[in-house]
Amino acid sequence: MNFVDHDSMLTIKQGKASQGGVNFHRLKVEGVVVLQIPLDNPRKPPLPLCDISCGGWEMSDQSGRYPYLWGVSQQGQVWFREGIHPRVPEGSSWEEVEVPKEVAQLSAGPGDLLWALLWDGNLLVRTGLSLDCPTGTSWVEVQSPGKEVEALHVAVGVSVVWVVTKDYKVWFRRGVNSHNPCGSGWISIGGEMMMVDVGLNDQDCAFSGQLTEASQGSVLSCTDSDSELGPPDPQNATSDTPVLEAQAPSVVPLGAADSPPPPQTPTDEAPTAPQKDAPKPFIPASDSFINSLVSDRDRTVASQPSIAEIPQEEVEQPAPAPMLPTPEAAGHDVPWMNVDLEGAEAARSAQATACSLGDGGAAATYALGTLESSQGVGEEDGPVWTWISGGGCDVDAGSQISWLSPTGTRTTSVHGFNCDLCTQRYLRLSLLTCVHLCCVQSVWVRKGSLRWWRDWKPQRWVDVGVALEQSTKADGRKDSIFFVYYTQYDEKKYLHVFINEVTVLVPVLRDCHYAFAVYTAERTKQRWPLVLAAPTEQDMDDWLSLLSDCCCECRGIAGPPSRQALWSTTSKGDIMVHEPSFSLEAAAHALASDLMFWRQVPGHLRCVESNSLGLVWGIGWDGTAWVYSGPGSGKRLAGSQSVHVYENQRWNPMTGYTDKGLPTDRPMWSDESGLKECTKGSTHPPSPRWSWVSEWAVDFMVPGGTDKEGWQYAADFPTTFHGHKTIKDFVRRRRWTRKCKITVRGPWQQVPPIRLTDISLMPCLAQSQMEQVPVWALSDKGDVLCRLGVSQQNPAGSSWLHVGTDQPFKSISIGGANQVWAIAKDGAVFYRGSVSPQNPAGECWYHIPSPLRQTLRQLSVGRTSVFAVDENSNLWYRQGLTPSYPQGSAWELISNNVTKVSVGPLDQVWIIADGVPGFPAETPGAVCHRLGVGPMEPKGQSWDYGIGGGWEHISVRGNSSEAPRGAQPPPGGPSRSPAPQRPPAQVNGSAVVV
């Protein structure tokens with residue numbers, strides 16, 4: 001009996017070996033000459049083979065590619081055929097490949113994938129396959145997908161592996177590719193099949209295992225769910241038709257194998273047995289895998305009379321086979337389509353039509369006839385099918401598989417399919433082509449090429465392949481994995497990230513690349529994100545959107561941000577949102593900050609503030625005020641900002657000021673801190689989204705003033721600079737500035753015409769009812785403003801009300817009960833008295849003394865507490881606040897390492913930390929949560945660090961999801977922030993009305 005592997009059109013005659021000389025048997029199939037490979041010397045010949053598989057022709061991109069041939073002997077040995085070449089297609093000799101266990105069947109893919117099935121039901125994977133080593137290096141054993149059921153058959157493609165277990169369940173191996181040939185896990189696919197074969201472009205066809213006493217077999221292939229073929233007419237099906245009606249639908253939906261079959265139309269001549277009486281398919285158990293598949297055929301045929309014994313008058317011409325139910329008839333999408341196998345006579349009469357298939361290959365189709373138990377079965381009347389190979393066919397996804405129809409052999413479109421039929425972003429990897437699976441599991445794959453920043457020596461950008469694989473389970477849950485494939489020292493390796501573990505996807509600036517970082521909880525703790533770069537901005541946006549959508553689907557997040565959401569912005573202007581849970585502010589066992597999931601909201605702003613009524617305001621980099629208007633209302637956000645570099649010089653008695661400094665000096669071109677070297681040539685806009693709109697120029701608008709050339713002077717670095725030279729000044733600097741702009745789209749509405757530097761909305765509980773929401777802001781000139789008419793129906797408000805001051809301000813915040821606090825540009829603190837809904841602007845300012853020898857720069861007011869940050873990044877808490885004395889009594893130092901603070905409606909405290917302890921190289925700006933905050937401990941006890949590296953601002957003033965408060969203390973352990981010992985409280989003097 002001959003078995004053919006269509007991938008290379010090579011056959012092997014089972015059990016026959018020529019020990020003498022070369023003995024070739026030629027078989028012509030549709031114009032293709034097939035050579036039988038002799039099992040001969042010069043090397044030790046294999047025992048009679050029971051299975052062969054061809055593959056490996058895609059491992060080289062060069063012309064003249066040729067396949068590799070693998071074989072399995074009946075004793076479980078694996079053999080490799082050497083010397084196969086287009087001029088010598090039969091090869092030269094056999095080479096035995098050692099295996100740890102006896103093999104029953106194997107399958108080789110077009111690339112470097114080779115899987116083998118063991119007699120004990122497990123599987124082997126060959127690793128190290130390459131052009132230089134076509135036989136590989138080692139075997140890795142993979143357990144059968146069924147816990148107690150052994151594997152029956154394995155089929156391998158370019159990057160897919162399918163397995164059928166002995167209960168005839170179909171399994172898909174996820175994450176398989178040349179970098180990871182073993183894959184990462186099994187996915188159960190519905191339907192019952194005896195075998196599956198993988199063709200070109202990973203298209204699949206399968207052989208159904210629905211056997212009856214007549215030993216029927218049905219060839220099934222995948223089809224599009226939008227089939228236009230109609231259901232059969234059961235009234236036209238009679239007992240005279242020699243086609244056996246399947247007792248279950250011949251269109252077998254994945255995951256629907258246990259569904260009840262459609263009602264059959266019984267007849268007097270051929271009564272149909274109930275479905276429950278149909279015997280289960282025979283499970284092969286013989287030594288030879290092929291023989292075991294067909295062993296039940298011999299038993300069945302032996303019990304039937306031969307064709308010669310049937311009277312001539314009883315032999316009738318076969319009628320056209322009735323069409324079996326299609327996906328539409330079944331009422332749901334199904335990925336399997338029955339391939340009716342036409343009788344031999346019909347096939348021979350349609351041979352000329354079949355030859356029109358062209359380059360893709362051809363197939364003669366046969367229908368399995370329904371024969372009464374008294375009838376004989378012979379090969380001429382219709383063979384019992386036990387094997388199928390579709391490796392030579394490539395079926396177009398948009399065409400109907402008409403050549404598999406029961407009315408005869410017809411042609412179909414045989415060429416590469418276009419996966420854009422699914423979506424622009426997704427490539428659906430399913431059974432034949434892009435198939436929608438309704439009530440069953442499905443798999444999506446998006447592949448592409450990016451660059452990966454290898455963050456170890458030698459640090460550099462590496463070209464990598466990436467793949468996002470998403471599977472949908474039968475209950476609707478989605479599971480996704482993101483793979484990164486790279487090569488190091490000619491060894492293929494890969495990284496993978498489970499999408500449900502991703503905490504944030506954020507654009508970053510790396511060497512002017514369109515780069516983004518992927519964080520997980522573990523990578524956040526290690527401060528080691530996965531950084532990838534795309535060739536264009538559109539590619540980066542596509543990948544970010546795709547990955548973000550998958551993350552949200554895995555977490556059940558959909559729609560716009562909720563009213564309770566936490567808002568944050570990065571130093572690049574990206575807007576991030578976190579949907580809080582009740583455990584986020586729990587007094588005990590609070591949600592860890594590094595587990596928080598942040599998603600991006602379209603737009604580009606410097607800061608965002610919100611409250612629990614769903615009002616969200618933001619300020620752009622150019623000071624423009626924006627109001628969040630919800631999804632579907634995208635506007636163009638245009639922003640601009642100035643980028644600065646500093647030119648530094650030191651006095652030399654011989655030459656005067658020069659750019660030759662001391663070895664201990666800062667770089668002669670640096671940022672404002674002097675810690676980082678920044679030249680005009682090496683300085684770029686904040687991200688590739690920005691573009692320059694001016695040239696470098698000396699900036700004369702520098703705090704402290706400049707001379708006529710823009711220089712500032714000081715005694716040494718880094719002391720306070722002033723605008724005139726004295727005899728004690730030995731260093732000087734001047735600032736160079738260059739303007740850049742950005743234009744993006746987002747769900748934001750502009751609020752003209754005043755440019756702002758700070759804004760604050762009064763926090764409240766979610767159940768609060770307010771006709772107008774107090775909104776306070778500072779203009780770019782330091783004026784204090786109060787917005788009138790702000791409500792849920794009119795979030796932008798109606799007009800600005802100017803509140804008088806005697807000096808410009810730089811920070812303002814309004815808390816519960818209309819408490820308004822502000823900081824002047826000289827660091828003085830003020831409290832606004834008599835603010836109420838009836839008097840929204842209040843009456844007067846009360847001066848509050850600052851902490852001793854400290855200058856405050858930013859503050860935030862909660863329901864009953866006030867926190868402030870000074871110029872040295874210290875965090876202060878205001879003691880003694882009471883309803884009768886809202887100004888408080890003293891400042892208490894809480895911690896250092898703080899750049900901004902946000903206090904919520906529950907008095908919860910969140911900050912942007914300047915750095916992360918233990919990671920000095922981390923970019924400044926990390927989200928940090930104060931643990932242990934409660935009514936009896938308003939200052940909290942310790943810090944919990946979350947996402948970090950480039951965060952600019954955070955607002956928790958909309959989160960009023962109050963967690964149950966218990967008597968348990970918060971999680972113990974030392975603080976993760978180096979906080980100094982608290983000094984004695986600094987008592988205030990009397991408040992002064994100004």
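This is a predicted model: local features need pLDDT of at least 70, side-chain atom pairs count only at pLDDT 80 or more; totals for chains, interfaces and linings use all residues.
**Strands and sheets**

Four strands make up an open sheet in the order S31-S32-S33-S41, and their pairing is antiparallel. The edges are taken by strand S31 (607–610) and strand S41 (748–751); each has a single partner strand, so one side of each lacks a neighbour in the sheet. On average, neighbouring strands of this sheet are turned by 30° against each other, direction ignored. Strand S33 (residues 625–628) is joined to S41 by four bridges in the antiparallel sense. Within this pairing, Trp626 has Gln750 of S41 as its bridge partner.

Another antiparallel pair consists of strand S28 (residues 566–570) and S58, again described by four bridges. Here Thr569 stands opposite His953 of S58. Strand S58 covers residues 951–955, and four of its five residues are buried, so the strand is largely enclosed by the rest of the structure.

**Helix H6**

Helix H6 runs over residues 537–555 and has 19 residues. At 1.5 Å a residue the helix should span 27 Å, and this agrees with its end C-alpha atoms, which are 27 Å apart. The buried residues in H6 include Met540, Trp543, Leu544, Leu546 and Leu547. Just after the helix comes Gly556, with a positive phi of about 70°.

**Cysteines**

How many disulfides does the structure hold? The number is zero. A disulfide is a covalent bond between the sulfur atoms of two cysteines. Cys50 has a relative accessibility of 5% and therefore counts as buried. Cys607 also counts as buried, because its relative accessibility is 4%.

An unreviewed UniProt entry carries the annotation "domain: Peroxin/Ferlin", which covers residues 638–699 and 710–743. Over residues 710–743 the chain is 50% strand and 0% helix, and the end C-alpha atoms of this stretch lie 31 Å apart.

Asp665 sits in the loop between strand S35 (656–658) and strand S36 (669–670). Is Asp665 buried or exposed? Asp665 is buried, since its relative accessible area is 16% and the limit for buried is under 20%. Its side chain makes a polar contact of 2.5 Å with the side chain of Arg650. A polar atom of the Asp665 side chain also lies 2.8 Å from the backbone nitrogen of Leu662.

**Backbone details in loops**

| Peptide bond | Omega |
|---|---|
| Lys457 to Pro458, cis | near -10° |
| Pro752 to Pro753, cis | near 0° |

Pro458 is in the loop between strand S21 (442–454) and strand S22 (460–472). Pro753 belongs to the loop between S41 and strand S42 (756–761).

Asp490 has a phi of about 65° and lies in the loop between strand S23 (478–488) and strand S24 (491–498). With 78% relative accessibility, Asp490 counts as exposed. For Ser873, phi is near 65°; its loop connects strand S51 (866–870) with strand S52 (875–879). Ser873 counts as buried, at 14% relative accessibility.

Key
Residues are numbered from 1 along each chain as its sequence is written. Side-chain values use heavy atoms; hydrogens and water are left out. UniProt positions are given in the numbering used here, feature names are shortened, and annotations may be inferred rather than shown by experiment. Helices (H or I, at least four residues) and strands (E, at least two) are DSSP runs, numbered from the N terminus. Buried means under 20% relative accessible area, exposed over 50%, partly exposed in between (1.4 Å probe, protein chains only). Two strands pair if DSSP finds at least two bridges between them. Axes are lines fitted to C-alpha atoms, for helices over the stretch in contact, and angles run from 0 to 180 degrees between N-to-C directions. The expected span of a helix is 1.5 Å times one less than its number of residues. A disulfide is a pair of cysteine sulfur atoms within 2.5 Å. A polar contact is a pair of N or O atoms within 3.5 Å; within protein, one must be able to donate a hydrogen and the other to accept it, and residues adjacent in sequence count only if both atoms are side-chain atoms.
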